Amino acid sequence: MRSTPILRTALAAALPLVAYAADGKSTRYWDCCKPSCSWPGKALVNQPVYACSANFQRITDPNAKSGCDGGSAFSCADQTPWALNDEFAYGFAATSLAGGSEASWCCSCYELTFTSGPVAGKKMVVQSTSTGGDLGSNHFDLNIPGGGVGIFDGCSPQFGGLGGQRYGGVSSRSECDSFPEALKPGCYWRFDWFNNADNPNFTFRQVQCPAELVARTGCRRNDDSSFPAINAPSGGGSKPSTPASPKPKPNSSSSPVAAPSSTSTPGSAPKPATTSTSDVPSVPTSAPASPSKSPAPISCVTEKYGQCGGNGFAGCKTCTCGTTCKKQNDWYSQCL
């Protein structure tokens with residue numbers, strides 16, 4: 001949980017609709033605390049954001065005390081960023097936006113278009129799962145394992161802590177190798193897709209939350225459909241693979257035999273064969289070889305960055321050439 005008091009009273013009336021579109025700034029963090037939007041009554045939503053136990057299993061009690069306050073609720077490992085392709089990613093963030101409050105931010109989604117640093121031109125859609133008193137105006141604190149714990153440190157009581165600086169986190173990809181398995185993919189993402197960008201600026205607009213983000217948080221705002229839907233890339237979805245049909249090999253040991261002419265008489269020479277042999281069967285001079293069985297073709301291939309596994313996943317599990325299916329967490333494996 002970020003540094004906000006727990007709001008436990010349900011909202012009595014709908015808040016005015018505030019659609020955000022502006023310039024923003026970013027930082028990064030991963031403090032392992034229970035997200036502030038995991039508490040009930042924070043906003044008009046279908047349910048609070050999922051929180052997890054110390055071993056990253058979702059918990060059912062929305063009032064469970066945060067691990068940052070000595071409790072048993074922590075951030076879930078699947079609420080970390082992942083790439084759909086080289087130019088587009090999904091993720092989560094703690095937010096503080098001008099003219100609003102946590103009641104208008106919780107579980108909202110925003111499309112960020114980066115304008116500075118090595119990620120300039122790339123896009124990312126994030127869902128707001130928390131906030132913090134240390135955040136400025138139009139400030140997105142991206143949830144990135146190894147991004148630094150910041151003010152609070154729930155990682156030490158959860159699993160002994162993460163390496164790196166308190167602010168800024170780790171400085172190299174290799175440092176991610178020591179993280180819990182469930183957090184490694186999100187840490188690697190920072191160096192692979194995010195190019196280790198240091199707090200890049202961006203423009204942003206509020207959008208409908210993609211189903212992929214809601215699946216990881218469980219939370220969707222009641223007013224979500226009021227915002228524009230994004231045109232997200234397929235993310236390497238499955239597509240059928242159609243292998244070329246093998247060309248038949250000519251049988252050099254067989255040759256057509258001319259049939260005798262119906263007008264020929266005994267003792268006369270047969271008519272020479274014409275160039276048309278459509279009604280003349282070919283008679284092989286030797287027995288044909290037994291046909292060999294071809295391996296069954298792969299029916300589908302998942303492109304780079306596409307989903308290839310996870311609990312309940314029923315899609316294509318074969319990755320395109322040059323990539324392998326790597327587990328991100330219990331609910332998501334990706335071709336990388």
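I searched the whole structure for aromatic pairs and found 12. The model is a predicted one, and I kept that in mind for every entry below.

**Entry 1, Phe56 and Phe159.** I looked up this pair and found its rings tilted, with 45° between the planes and 6.3 Å centre to centre. The pair links distant parts of the chain, 103 residues apart. Phe56 sits in the loop between β1 and β2, and Phe159 belongs to helix α2, residues 155-159. I then asked how accessible each partner is. Phe56 has a relative accessible area of 12%, so I count Phe56 as buried because the cut-off for that class is under 20%. Phe159 has a relative accessible area of 27% and therefore goes down as partly exposed.

Are Trp82 and Tyr90 buried or exposed? I noted both Trp82 and Tyr90 as buried. Trp82 also has a charged neighbour: Arg216 lies over the face of the Trp82 ring, at 3.5 Å from the ring centre.

I found Lys34 over the face of Trp39, and the distance to the ring centre is 3.3 Å.

Which residues are linked by ring pairs into a cluster? I listed Tyr110, Phe114, Phe140, Trp189, Trp193, Phe194, Phe202 and Phe204.

I checked the record next. UniProt, in an unreviewed entry, places the feature "active site" at Asp31. I located Asp31 in the loop between β1 (21-29) and β2 (82-85). Its relative accessible area is 2%, so I wrote Asp31 down as buried. What does the side chain of Asp31 reach? I found the backbone nitrogen of Cys33, at 3.0 Å. That distance falls inside the cut-off for a polar contact, which is within 3.5 Å.

I followed the contact to its other end. Cys33 is found in the loop between β1 and β2. With a relative accessible area of 1%, Cys33 is buried. I also took the separation between Cys33 and Gly71: from C-alpha to C-alpha they are 9.7 Å apart in space, while in sequence they are 38 residues apart.

How values were computed: Residues are numbered from 1 along each chain as its sequence is written. This is a predicted model: local features need pLDDT of at least 70, side-chain atom pairs count only at pLDDT 80 or more; totals for chains, interfaces and linings use all residues. Side-chain values use heavy atoms; hydrogens and water are left out. UniProt positions are given in the numbering used here, feature names are shortened, and annotations may be inferred rather than shown by experiment. Helices (H or I, at least four residues) and strands (E, at least two) are DSSP runs, numbered from the N terminus. Buried means under 20% relative accessible area, exposed over 50%, partly exposed in between (1.4 Å probe, protein chains only). A polar contact is a pair of N or O atoms within 3.5 Å; within protein, one must be able to donate a hydrogen and the other to accept it, and residues adjacent in sequence count only if both atoms are side-chain atoms. Rings of Phe, Tyr and Trp (its six-membered ring) pair if their centres lie within 6.5 Å; planes under 30 degrees apart count as stacked, over 60 as edge-to-face and the rest as tilted. A charge sits over a ring if NZ of Lys or CZ of Arg is within 6 Å of the ring centre and within 35 degrees of the ring normal.
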